[in-house]
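I opened a new chain today and kept notes as I went. Each entry records one thing I looked up.

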Amino acid sequence: MRELRAVFVVSISSLLLVGGGAAACSLAMCLNSVPAVTISAMQGPTRGAGTTQDTKAGPHYSGMYSFLKEGEFVQLTVEDGVQLTGFVSRYGDGESDKGAFLDQFFKSGKLDGNKLSFTTETVHGVWFDFTGTVERGEGKNPGDEAYYVLKGTLTQNSTDVNKKVSSHSHSVLFKMFPQEAGPAPAARN
């Protein structure tokens with residue numbers, strides 16, 4: 001609905017610029033001439049009105065989390081409350097990719113309540129499986145470091161030149177990175 005309002009405001013502003021002179025009205029007068037029902041519809045639903053967003057309310061787990069080494073991370077994106085997409089960005093540790101930054105997108109991902117699992121695509125013979133939970137961490141407020149943590153088992157799978165698969169599992173705790181504050185509001189003249 002905000003997009004609709006923005007289009008309306010831009011359209012009115014354009015008319016004002018093009019129309020000019022005595023034919024132009026102020027933006028406030030133009031908005032006041034629009035029926036109240038239309039304006040309230042453009043402002044969007046009020047809280048508690050049973051919107052789709054309200055029915056899917058709950059913790060928002062999307063964001064960046066630490067990974068195995070300093071500088072590595074997991075990016076999670078939760079869509080519609082259950083659809084999980086993302087990727088792991090990590091340093092390569094093989095002979096051909098030692099120190100190179102590698103992105104491994106999720107091949108599959110699932111979120112069921114706070115239970116989370118994902119499997120990455122294979123890159124240079126390595127892929128990861130994670131099974132665990134998203135839990136409240138030590139961060140006190142949304143946006144703080146470790147407000148949420150991923151806690152569970154990470155399995156690193158690799159294949160050698162003979163196509164032999166080896167797997168190493170261990171318990172992990174990945175902390176959500178702090179979220180940057182938005183840009184400062186523009187100064188008014």
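My entries below go from the whole chain down to single residues.

**Entry 1: ground rules**

I am working with a predicted model, where local features need pLDDT of at least 70, side-chain atom pairs count only at pLDDT 80 or more, and totals for chains, interfaces and linings use all residues. I count residues from 1 along each chain as its sequence is written, and side-chain values use heavy atoms, with hydrogens and water left out.

**Entry 2: confidence**

I looked up pLDDT, the predictor's confidence in each residue, from 0 to 100. The chain averages 74, and 64% of the residues score at least 70. Over residues 1-58 the pLDDT is below 50. That stretch has 27 contacts in the model beyond near neighbours in sequence. A contact means heavy atoms within 4.5 Å. I noted a caution: where pLDDT is low, the predicted coordinates should not be read in detail.

**Entry 3: the whole chain**

I found 4 helices and 8 strands. Both are DSSP runs numbered from the N terminus: helices are H or I with at least four residues, strands are E with at least two. From the N terminus the order is α-α-α-α-β-β-β-β-β-β-β-β.

I then checked burial. Buried means under 20% relative accessible area, exposed over 50%, and partly exposed in between (1.4 Å probe, protein chains only). Of the 189 residues, 30% count as buried. I took the accessible surface too, by the Shrake-Rupley method with a 1.4 Å probe; for residues, only the protein chains shown count as cover. The surface comes to about 12,600 Å², and carbon and sulfur atoms hold 55% of it.

**Entry 4: the sheet**

In what order do the strands of the open sheet lie? I read β1-β2-β3-β4-β5-β6-β7-β8, with antiparallel pairing. Two strands pair if DSSP finds at least two bridges between them. The edge strands are β1 (63-66) and β8, and each pairs on one side only. From one strand to the next, the twist averages 20°. The axes behind such angles are lines fitted to C-alpha atoms, for helices over the stretch in contact, and angles run from 0 to 180 degrees between N-to-C directions.

**Entry 5: pairs and hairpins**

I went along the sheet. β3 and β4 (residues 101-112) share 6 bridges. Here Val88 stands opposite Gln104 in β4.

β4 is also joined to β5 (residues 115-120) by 6 bridges. Ser108 has Thr119 in β5 as its bridge partner. β4 and β5 form a hairpin with 2 residues between them, and Gly113 in the turn has a positive phi of about 70°.

β5 and β6 are joined by 5 bridges. Phe118 stands opposite Phe130 in β6. This hairpin has 5 residues between its strands, and His124 in the turn has a positive phi of about 55°.

β7 and β8 pair over 11 bridges. Asn157 has Ser167 in β8 as its bridge partner. Between these two strands of a hairpin lie 5 residues, and Lys163 in the turn has a positive phi of about 65°.

**Entry 6: Leu102**

Is Leu102 buried or exposed? It is buried, because its relative accessible area is 9%. Leu102 lies in strand β4. Leaving out residues up to four places away in sequence, Leu102 touches Val88, Ser89, Arg90, Gly92, Asp97, Val123 and His124. Leu102 and Ser89 are 13 residues apart in sequence, yet 5.6 Å apart in space, C-alpha to C-alpha.

**Entry 7: salt bridges**

How many salt bridges are in the whole structure? I found 2. A salt bridge is a side-chain nitrogen of Lys or Arg within 4 Å of a carboxyl oxygen of Asp or Glu. Side chains of opposite charge can pair when their charged atoms come close.

Arg90 and Asp93 form one, at 3.8 Å, N to O. Arg90 is buried at 2% relative accessibility, whereas Asp93 is partly exposed at 40%.

Glu138 and Lys175 form another, with the closest N and O atoms 3.7 Å apart. This pair links distant parts of the chain, 37 residues apart: Glu138 is in the loop between β6 (126-136) and β7 (148-159), and Lys175 is in β8 (residues 165-175). Glu138 is exposed at 60%, and Lys175 is partly exposed at 31%.

**Entry 8: Gly81**

I ended in a loop. Gly81 sits between β2 (73-79) and β3 (83-91). Gly81 counts as partly exposed, because its relative accessible area is 40%. Gly81 and His60 are 21 residues apart in sequence and 8.4 Å apart in space, C-alpha to C-alpha.
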